[in-house]
Amino acid sequence: AVIVTISHISLTCYFLLDENIFGCSVLEGESNISLCKWIIIWPGISLAVFSIGFQIGWGSVVYVIFGEIFPIRIKEFGAGISMSVLNIWSIIILIAFSYIRGVIGNGYTFLF
């Protein structure tokens, strides 16, 4: 959880600084300053570290809990419903992300 938190905060800091100080945007492909040449890899590294930390930590816990929380007679049905709900919420968050990013900006979206 510590690795995930640190990488998420790092990504949030990048986007907040990008909007206010750097002036170069990864999402729009703009590169106005020489600082952008090395700072542009910051989000990629943060996302890679986040992904690795999540898969090692919290990512696999969900699947273990889905397999163990239900009684044996309804385990398959309960795990199937749980995975369906998880996937539906993933789609809702994916759709909401674009809207929220447009309203409050990149940095505050990742902070949220």
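Biologist: How should I read Thr12, buried or exposed?

Modeller: Go by relative accessible area: under 20% is buried, over 50% is exposed, and in between is partly exposed (1.4 Å probe, protein chains only). Thr12 has a value of 4%, so it is buried. Bear in mind that this is a predicted model, where local features need pLDDT of at least 70, side-chain atom pairs count only at pLDDT 80 or more, and totals for chains, interfaces and linings use all residues. Residues are numbered from 1 along each chain as its sequence is written, and side-chain values use heavy atoms, leaving out hydrogens and water.

Biologist: Where is Thr12 found, and which residues does Thr12 touch?

Modeller: Thr12 sits in helix 1. Helices here are DSSP runs (H or I, at least four residues), strands are E runs of at least two, and both are numbered from the N terminus. A contact means heavy atoms within 4.5 Å. Skip the residues up to four places away in sequence, and Thr12 touches Gly107, Phe110 and Leu111.

Biologist: And Ser7, what is Ser7 in contact with?

Modeller: Ser7 also belongs to helix 1, which covers residues 2-22. At a relative accessible area of 4%, Ser7 is buried. Leave aside neighbours within four places in sequence, and Ser7 is in contact with Ser46, Val49 and Phe50.

Biologist: Helix 3, then: which residues of helix 3 are buried?

Modeller: Pro43, Ser46 and Gly53. To see which way they point, take the arc of the directions from the helix axis to the C-beta atoms. Here that arc is only 100°, so the three lie on the same side of helix 3. The face turned away from that buried side carries the exposed Ile52 and Ile56.

Biologist: What should the 15 residues of helix 3 span?

Modeller: The expected span is 1.5 Å times one less than the number of residues. For helix 3 (residues 42-56) that comes to 21 Å, and its end C-alpha atoms are 21 Å apart, so the two agree.

Biologist: At what angle do the axes of helix 4 and helix 5 cross?

Modeller: Axes are lines fitted to C-alpha atoms, for helices over the stretch in contact, and angles run from 0 to 180 degrees between N-to-C directions. Helix 4 (residues 58-68) and helix 5 (residues 75-104) cross at roughly 145°, with their axes coming within 8 Å. Helix 4 brings Val62, Tyr63, Phe66, Gly67 and Glu68 to the contact, and helix 5 brings Lys75, Ala79, Ser82, Met83 and Leu86.

Biologist: What about Val62 and Gly67, how do I place those two?

Modeller: Val62 is partly exposed, with a relative accessible area of 27%. Its C-alpha atom is 9.7 Å from that of Ser82, 20 residues apart along the chain. Gly67, at 23%, also counts as partly exposed. Gly67 and Gly78 are 11 residues apart in sequence, with 8.6 Å from C-alpha to C-alpha.

Biologist: Where is confidence lowest in the protein, and where highest?

Modeller: pLDDT is the predictor's confidence in each residue, from 0 to 100. The lowest is in helix 2 (residues 36-39), with a mean of 63, and the highest is in helix 5, at 88. For the protein, the mean is 78, and 79% of residues reach 70 or more.

Biologist: How many helices and strands does the protein have?

Modeller: Six helices and zero strands. Of its 112 residues, 22% count as buried.
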